[in-house]
Amino acid sequence: MVIRAHDSPSSSPVRITVSSAGGFRNVGLTSPVQRTSISNSPLSGGEIRRLSGGRRASGVGGSGGGGGGRYLSMSKDGADEYVAYTVHIPPTPEHQFMSSSEISPEYVKNHGNPNENRIKDTVFTGGFNSETRAHARRMKSVEEMTVVKSKLLCQVDGCDEKLVDKSSKSQCECGFRICNECYLDYCSSGGGVCPGCKEPFREACEEDDGDYQPAMSEEKKDTVNPLPRRGGGIRLENNFSLVRSFKAPNQDFDHTRWLFETNGTYGFGNAVWPREECHRGGGGLDQYESPPMFNDRRNRPLTRKVGISAAILSPYRLLIVLRLVALALFLTWRIMHPNHEAIWLWLMSVICEVWFAFSWILDQLPKLCPVTRSTDLSVLKERFEPTRNNPKGLSDLPGIDIFVSTADAEKEPPLVTANTILSILAVDYPVDKLACYLSDDGGSLVTFEALAEAASFAGTWVPFCRKHEIEPRNPEAYFSQKGDPLKNKRRVDFVRERRRVKREYDEFKVRINALPELIRRRSDACNAREELLAKKKQMELGGTLSESVKVPKATWMSDGNTWHGTWFSGEEDHSRGNHAGIIQLMLVPPAPECTYKTEEDPEDLIDTRNVDTRLPMLVYVSREKRPGFDHNKKAGAMNAMVRASAIMSNGSFILNLDCDHYIYNSLALREGMCFMLDRGGDKISYVQFPQRFEGIDPSDRYANHNTVFFDVSMRALDGLQGPMYVGTGCIFRRIALYGFSPPRATEHRGWFGGQKIKFSLRRMKKNKTETEEDAEMIMPIVDDQNNDEEDELKQALIPERFGDSTYLIDSIAVAEFGGRLIHELRGKGSHGRPSGSLAVQREPIDRAAIEEAIKVVTCFYEDKTEWGKRVGWIYGSITEDVVTGYRMHNRGWRSVYCVTKRDAFRGTAPINLTDRLIQVLRWATGSVEIFFSRNNALFASPRMKFLQRIAYFNVGMYPFTSIFLLAYCVLPALSLFSGKFIVQSLNVTFLILLLAITVTLSMLALLEIRWSKITLHDWWRNEQFWLIGGTSAHPVAVIQGLLKVIAGIDISFTLTSKPAAADDGEDEFAELYEFRFTMLMIPPVTIILLNVAAIAVGVFRTMYSPFPEWSKLVGGVFFSFWVLSHLYPFAKGLMGRKGKISTIVYLWSMLICIVISLIFLYIHPPDGSRVTVGLQFP
């Protein structure tokens, strides 16, 4: 007992604190003065609470004590004392207490979710050999709220009687629970109006109103009566779906059976809507309400495929054939006319030319069928977001989970990541259908607090973008634009609000940029305090001041707790590769209806009246890392986000972005969904957008824009089976990532895939035995009642494939249903969904869900599963993106290339020569890994088209071209040094064939420029960097790949640095002129010096020779200039801004040139001398 004096008496001084089911409720009963109550609840204060492991409890669970029930902490004031005591009330069959998962939507609508703040303000951690814990960041004051009664008691205030039998007619259709006595009272004295929905009881109207006459025919009596609306809550019937909720597995209601047995009609939320002539009483006025017209204009297509003009494409294909003929004739002539004077020179050149011809064929054949696509966003809006009879603005679009990945806060500035997050939160897509996940693979507190700052600033930035239709919605990019900000702006308050938001963003930038230093200072101060406390405790125990005290140098959060991820000091369990898993819900899921402010708030920077102020869900995820586990780099982080998002939001589609790639076009997601939701979209696994870059120097010295690949090669692949996946800017179908096969597929058999066999995978499954079934095939989700197919589904979802998380396995069916086409657009043999079935509220997130999400991001979850082998992003290569897309195409899926008028996404690229070469080295190394793995296109299945197979085979083959390219770049120098040439004489046949090859190549380039709409400058830059990369990074990639295959030496992964935004007054392209030496520069520098020296030697030798051979000199000089012109950007990059070259470049190049010259003199000594023994030095 606790006794406390109190001066102010009260008439009814009773205060009850109830703690149960993972949360506590504070209820005051007519207490006019503030009182103190002492609670024995184990969840009080900021105590760290342990979450129960395993599955979600169906009854009273959580961390309440005593195995259920509730605690009552009661205090009562007397005249001279204050008494507080605690009583534990156990549960009984008649008095069951509600858990957090049983809180009704009506209660959440009226009072808010009591656990929402706890989830949002709690950091969840867990991992290997550690418990899953919830660390409260800050505890808010407990709001007073009414105690929710048991479902077995009457819901009328002041009545605790049991409910009548559910089959009785005395319950209102709104679901309000009422006993028989209260029902009779309301029928007699309350006017027959339900106390819940304030609408007349149906039975009261039949018994008391004499003028009630049922006017429905016998046919209409078989249909379900209309479901009345409640003004004060969300009716559960509106949330019915054909797919059973995986968060309520014990639900007894069978939606499908209810629909078909009652002749119900599919409509909004799969609920039965009232007929148009049905009267809906309320407030004494006649009200009529119809469902939203989700089926309007269903026949109009969402997308169109526009072919290239025949006036361009036909000559283009003809030139390809002509060049093939010219190459065949040229190589035939070269082989049949050897140069006997320099047979070694001839042999080297012929081998290189044959390989170049083979490489050109691999690159050119997939370009035979380029296409262009367009979308119609107006049809998408009218079909899935109708304005007719839809005052709440409900949307039938599926959910999208957006993944943003980062790994190092130093190389990837937090300000860049924060701007990307802000552009995502402001995207033009239904807010309640979006969820953004940031994967911090480094576990950095800087990234964590930067994300928290971004979530806070989003409350101002997102409404500002929606109100004024801002583009782009990246604040750094928007405020850096040089154009007129007033263009196309009509609101008179735009200038004032823009100025305020700009000032707020400048302060936001200062806070973000100061975070590293701020966290270091905070941590130093807290560590010093901890050290003083440790020494004080040591003195109390009898120690001396001279004794040292070991205190870990922790990294501290702003709330005074230690950070659970990586520390600056790198202590045990807190280093970059050894830390716990962390999940923090930064922004909770929004409500399904738009939120508007009715009056202006003077504290707001902008006037948000008539502007939706909701924000999408935002989650911070840092997967667990421990020594001894292979974390599989970026692919492992992406798979961890796939599993966590499946439990928390479970969007049917996934968009992944790098931290430096932001949404430049706010309508980009809608354009991508047009392809997924149009007829035939159920066979599309992903929609790839082109990569566009900012911050590139105007001359694009190192071909950073890569327009030839994104605008020529990718468009051409779109005419086959689809473009490759390039790592970012891609919308995935979730079930395609899970490893499922498409509903329909086509096998291409015979020579060059000329024989096509179309089939449905479901029907084919029935005709195949287990041994005959393709190992890549996993059957799609089925929803009928066939027992055999249910067994197949269970077989496909065994834990050995997806892991032992029942949440994750149960979520697959829901994700598959959300990604279906509507019934009118579904293909033959595939499932569809009713229109309007996705216009429902998403299920709330509770602590048990986040606990399960922590479980699936642990480092050991993927053990003995198929994650990374068949499910999710594929492991085994640095270029996991190409392999993942290849696996999907190999199963028969298609992909689509979406080129929007306004760039969908924009990012940054390394403009420094060293960073660019390292980036190319990583890509080439991944291609070599693909070539020596089972992902080589030579082993592709018949479901992949022949030309698509050639394109993937070229991806693994192109680095090996560097071996022949190195030799061919040295050949002109050797020719000039020796005075010989690759042919014995420059006859007319050789020149004509060489001219034909050159002219056809140039004409092909011009036509490619014409249909792809790139520039000649872009094409030439691409050719230059092809030779630069082929003589520097690609040979090293081949060596690294061979070492990994032969010797098992793993390849290190180097993260590309992301440039931060330049401040005012700084040079935007300063990194372009920065020189950083790397060993990759040695081969190109050597080639440059050899060719320059060879030209000089050849000119002087010919000029002073008694019998000059000008034809050989011209041939050698021409090819040397061809090599030097391609290497010109590289040479310019070595000189830097002031034209200075590093000394190390000269030393290495001179050494290599000397060695090569001595070897050449040894093999081919000058005329008149013979070297028989070897090289002799004085």
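These legends describe close-up views of a predicted model.

Local features need pLDDT of at least 70, side-chain atom pairs count only at pLDDT 80 or more, and totals for chains, interfaces and linings use all residues. Residues are numbered from 1 along each chain as its sequence is written, and side-chain values use heavy atoms, with hydrogens and water left out.

View 1. Ser405 sits in strand β13 (residues 400–406). Lys633 belongs to helix α15 (residues 633–648). Helices (H or I, at least four residues) and strands (E, at least two) are DSSP runs, numbered from the N terminus. Ser405 counts as buried because its relative accessible area is 11%. Lys633 is partly exposed, at 36% relative accessibility. Buried means under 20% relative accessible area, exposed over 50%, and partly exposed in between (1.4 Å probe, protein chains only).

**View 2. The contacts of Ser405.** Ser405 touches Ser439, Lys634, Met638, Leu657, Asp658 and Cys659, leaving aside residues up to four places away in sequence. A contact means heavy atoms within 4.5 Å.

**View 3. Arg522 in helix α14.** Helix α14 covers residues 515–540. Arg522 is buried, with a relative accessible area of 16%. Not counting residues up to four places away in sequence, Arg522 touches Leu445, Glu449, Trp556, Met557 and Ser558.

**View 4. Helix α23, mostly covered.**
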